[in-house]
Amino acid sequence: MEMTWILDNAHQTITCEVKHPSGRNASKIVSLQGQCSVTKVTINPSSEEFLEGVEKDVVCSVSYACQEHRPDLSWNYGDMKVSSEFKKRGSGSWESRSTLTFKAGASDHNQALKCTARFTNGQIQEGYITLKVKSEFSQNERGPFFSLQFCMACQIRYEDKDIFGKAVLRVYR
């Protein structure tokens with residue numbers, strides 16, 4: 001007889017018993033050592049732009065085979081709201097998730113947002129995304145302008161001229 005199953009822990013003990021109709025019985029205790037595989041750390045959204053000053057949730061997740069190797073997830077931006085959870089995904093599969101409520105600043109543009117998973121067995125994995133931060137007010141060769149891609153329902157009205165004779169435009173929602 002041969003059996004295959006998925007272990008829920010790295011070390012598991014099973015008892016194998018055989019009962020013969022004649023009344024003879026035999027048993028053996030076997031200690032099993034499983035392989036504790038880990039998936040790559042993922043961050044979502046992986047390639048989305050962030051609007052300066054606007055909060056957006058970013059999720060770091062990692063799956064692993066052994067519950068006792070549950071990782072501690074941390075971010076390289078420590079001054080923002082973080083929530084964490086872990087759950088069993090199926091037989092022999094666990095997932096840890098950390099949600100960072102990220103509020104981008106102009107200085108964050110092209111910086112790395114990193115999530116580090118530190119497992120209890122000493123293994124460390126890291127995932128990151130490169131931040132693309134859009135500002136409500138951007139610069140071009142003519143000076144400041146308002147990016148209307150974030151304000152689809154806006155109306156622009158000519159208001160007046162400033163003290164330098166340049167047109168003053170107002171944006172209304």
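Predicted model: local features only at pLDDT ≥ 70, side-chain atom pairs only at ≥ 80, totals over all residues.

Visitor: How many helices and strands does the protein have?
Guide: The protein has zero helices and 15 strands. Helices (H or I, at least four residues) and strands (E, at least two) are DSSP runs, numbered from the N terminus.

Visitor: How many bridges hold strand 3 and strand 5 as a pair?
Guide: Three bridges, in the antiparallel sense. In that region, threonine 42 stands opposite serine 61 in strand 5.

Visitor: And the open sheet of three strands, what order does that have?
Guide: That order is 6-9-10, with antiparallel pairing. Its edge strands are strand 6 and strand 10 (124-130), and each pairs on one side only. The twist averages 15° from one strand to the next. Strand 6 and strand 9 pair over four bridges in the antiparallel sense, and serine 74 stands opposite threonine 116 in strand 9.

Visitor: Switching topic. How many disulfides does the structure hold?
Guide: One. A disulfide is a pair of cysteine sulfur atoms within 2.5 Å. Cysteine 60 is joined to cysteine 115, S to S 2.0 Å. Cysteine 60 is in strand 5 and cysteine 115 in strand 9, 55 residues apart, and the pair links distant parts of the chain.

Visitor: Why is that disulfide called left-handed?
Guide: Because the torsion about the S-S bond of cysteine 60 and cysteine 115 is about -75°.

Visitor: Are cysteine 60 and cysteine 115 buried or exposed?
Guide: Both are buried. Buried means under 20% relative accessible area, exposed over 50%, and partly exposed in between (1.4 Å probe, protein chains only). Cysteine 16 is partly exposed, with a relative accessible area of 46%.

Visitor: What share of the protein counts as buried?
Guide: Of its 173 residues, 28% count as buried.

Visitor: Which residues have the most contacts inside the largest nonpolar core?
Guide: Trp75, Phe102, Leu113 and Leu131, in a core of 22 residues. A nonpolar core is a set of buried Ala, Val, Leu, Ile, Met, Phe, Trp, Tyr and Cys residues joined through side-chain atoms within 4.5 Å. The elements giving two or more residues to this core are strand 5, strand 6 (72-75), strand 8 and strand 9. Strand 5 gives the most, with four residues.

Visitor: What about serine 63, where does that lie?
Guide: Serine 63 lies in strand 5 (residues 55-64). Serine 63 is buried, with a relative accessible area of 11%. Its side chain makes a polar contact of 2.7 Å with the side chain of arginine 89. A polar contact is a pair of N or O atoms within 3.5 Å; within protein, one must be able to donate a hydrogen and the other to accept it, and residues adjacent in sequence count only if both atoms are side-chain atoms. Beyond four places in sequence, serine 63 is also in contact with residues including Val38, Trp94 and Glu95.

Visitor: Now the backbone. Which residues does a cis peptide bond join?
Guide: Asparagine 44 and proline 45, with omega about 0°. Proline 45 is in the loop between strand 3 (42-44) and strand 4 (49-51).

Visitor: What is phi of asparagine 110 near?
Guide: Phi is near 65°, a positive value in a residue other than glycine. Asparagine 110 is found in the loop between strand 8 (93-103) and strand 9 (112-118), and is partly exposed, with a relative accessible area of 43%.

Notes: Residues numbered from 1 in each chain as written. Heavy atoms only, no water. Contact = heavy atoms within 4.5 Å. Pairing = 2+ DSSP bridges. Axes fitted to C-alpha atoms, helices over the stretch in contact; angles between N-to-C directions.
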